[in-house]
Amino acid sequence: MAKASYDVPAVRKAIRLLEVLCDAPRPMGVSELAQQLKLNKNMVFRLLRTLCEEGWVIQEEGPTYRISLLP
């Protein structure tokens, strides 16, 4: 019997995105995040929109994004 996998790749991507934003000295744009995370821009945008809706990320002007948990 095959071992069940409980890995959720989208959750791993979201966590990596949050880690990058936590370490960033300034808000970042979708293209910059996509390049750093080695993900496509559509995936990064969808992750950002979800994280914004949940209150983890804030969209700044530009549009750029920053973590909401920091002052």
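Leaving aside neighbours within four places in sequence, Ser68 is in contact with Gly55, Trp56, Val57 and Ile58. The model described here is predicted. Ser68 itself belongs to the segment after strand 2. A polar atom of the Ser68 side chain lies 2.5 Å from the backbone oxygen of Gly55. Gly55 in turn follows helix 3 and has a positive phi, near 85 degrees.

Helix 3 can be traced back from this point to its start. There, a side-chain oxygen of Asn40 comes to within 3.1 Å of the backbone nitrogen of Asn42.

The buried residues of helix 3 are Met43, Val44, Leu47, Leu48, Leu51 and Cys52. Viewed down the helix axis, these residues fall within an arc of 165 degrees and therefore line one face of helix 3. Their packing partners are helix 1 (9-23), helix 2 (30-37), strand 1 (57-59) and strand 2 (65-67).

The largest nonpolar core contains 21 residues, and those with the most contacts inside it are Leu17, Leu21, Leu33, Val44, Leu48 and Val57. At least two residues of this core come from each of helix 1, helix 2, helix 3 and strand 2, and helix 3 gives the most, with six residues.

Note on methods:
Residues are numbered from 1 along each chain as its sequence is written. This is a predicted model: local features need pLDDT of at least 70, side-chain atom pairs count only at pLDDT 80 or more; totals for chains, interfaces and linings use all residues. Side-chain values use heavy atoms; hydrogens and water are left out. Buried means under 20% relative accessible area, exposed over 50%, partly exposed in between (1.4 Å probe, protein chains only). Helices (H or I, at least four residues) and strands (E, at least two) are DSSP runs, numbered from the N terminus. The arc is that of the directions from the helix axis to the C-beta atoms. Contact means heavy atoms within 4.5 Å. A polar contact is a pair of N or O atoms within 3.5 Å; within protein, one must be able to donate a hydrogen and the other to accept it, and residues adjacent in sequence count only if both atoms are side-chain atoms. A nonpolar core is a set of buried Ala, Val, Leu, Ile, Met, Phe, Trp, Tyr and Cys residues joined through side-chain atoms within 4.5 Å.
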